[in-house]
There are 2 protein chains.
Amino acid sequence: MVTYLRRMDDDRVFKALADPTRRFLLDLLFARDGRTLSELESAVEMTRYGVMKHLRVLEDAGLVVTRRSGREKFHFLNPVPIREVHDRWIDKYTERQVTALMNLKKELESDHDQH
Amino acid sequence: MVTYLRRMDDDRVFKALADPTRRFLLDLLFARDGRTLSELESAVEMTRYGVMKHLRVLEDAGLVVTRRSGREKFHFLNPVPIREVHDRWIDKYTERQVTALMNLKKELESDHDQH
DNA sequence: AAGATAGGTGACCATATGGTCACATGTCAA
DNA sequence: TTGACATGTGACCATATGGTCACCTATCTT
């Protein structure tokens with residue numbers, strides 16, 4: 001349907017990052033890796049089930065990887081997807097920042113048309 | 001409620017980037033600035049109203065700025081919010097040991113390449 | 001003035017999303 | 001082996017989101 005959606009992985013990563021709770025969970029794991037679900041649950045005002053769903057989304061996006069040991073499941077941060085999205089999507093917007101901004105200011109200030 | 005949501009602007013930017021159509025619109029504006037709604041509409045398989053809603057979201061997030069001239073409205077890309085999100089959020093995840101991690105990932109995924 | 005063009009608004013609908021609960025499985029510790 | 005602990009599943013609900021439509025205003029052209 002949407003032919004311009006070429007990278008489903010990108011979409012999963014962007015959608016995973018769209019929720020503030022999930023970004024906060026990533027922040028927690030960034031501060032310290034290898035936390036269990038229970039530990040993460042205690043850091044958020046939300047039931048265990050909500051946290052589970054969020055962790056599932058993060059895991060599907062590849063942003064979090066897990067390791068099971070006994071009855072516990074440890075969660076680790078995986079920055080690779082963010083890095084990849086950054087490299088092939090965000091970089092191009094930030095690299096020409098200065099030039100684009102200067103052009104934009106010129107556009108807004110003068111009534112010069114671009115055509 | 002969510003005390004860890006300190007930056008509403010971040011949230012708006014992330015949510016704006018979460019939709020593939022909106023990312024495509026940004027790509028269009030990245031390729032060439034100053035397009036009208038009608039021009040953007042013709043590039044997407046969607047009615048004008050859907051495009052309007054998406055542009056509104058992008059504008060609220062600060063990712064797109066507009067200039068009205070007569071009956072036309074021109075849309076310009078503003079990379080500053082992406083730059084800010086990148087600087088204060090993505091950088092910390094990517095700068096750490098990403099290179100080593102990516103190498104490790106490649107080693108794990110294709111150990112036949114190694115020895 | 002009349003018609004075409006560009007854009008805007010509010011209602012509306014289907015689906016996606018965030019979150020909870022009852023219940024269930026597997027694991028550790030005494 | 002009993003009970004507490006850690007995690008998992010499916011149903012369920014309220015709201016957010018993506019998208020369309022009828023209708024509307026403003027501007028340009030002839």
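Modeller: One term first: helices and strands here are DSSP runs, numbered from the N terminus. Please keep in mind that this is a predicted model.

Biologist: Which elements supply at least two residues each of the surface near DNA strand D?

Modeller: In chain A they are α3 (37–42), α4 (48–60) and β3 (72–77), and in chain B α4 (48–60).

Biologist: Which of them gives the most?

Modeller: α4(B) does, with four residues.

Biologist: What does the side chain of S38(A) approach on DNA strand D?

Modeller: An N or O atom in the side chain of S38(A) is 2.4 Å from a phosphate oxygen of DNA strand D.

Biologist: And which side chains approach a base oxygen?

Modeller: Those of K53(B), at 2.2 Å, and R71(A), at 3.1 Å.

Biologist: Changing topic: at what angle do the axes of α2 and α4 of chain A cross?

Modeller: The axes of α2(A) (residues 20–31) and α4(A) cross at roughly 75° and come within 10 Å. α2(A) is therefore roughly perpendicular to α4(A).

Biologist: Which residues meet there?

Modeller: From α2(A), T21(A), R22(A), L25(A) and L26(A) meet V51(A), H54(A), L55(A), V57(A) and L58(A) of α4(A). This contact has six nonpolar, two polar and one charged residues.

Technical notes
Residues numbered from 1 in each chain as written. Chains lettered and ligands numbered in written order. Predicted model: local features only at pLDDT ≥ 70, side-chain atom pairs only at ≥ 80, totals over all residues. Heavy atoms only, no water. Polar contact = N/O pair within 3.5 Å; in protein donor to acceptor, adjacent residues only side chain to side chain. Axes fitted to C-alpha atoms, helices over the stretch in contact; angles between N-to-C directions. Parallel < 35°, antiparallel > 145°, perpendicular 65-115°, else oblique. Contact = heavy atoms within 4.5 Å. Nonpolar A, V, L, I, M, F, W, Y, C, P; charged D, E, K, R; others polar.
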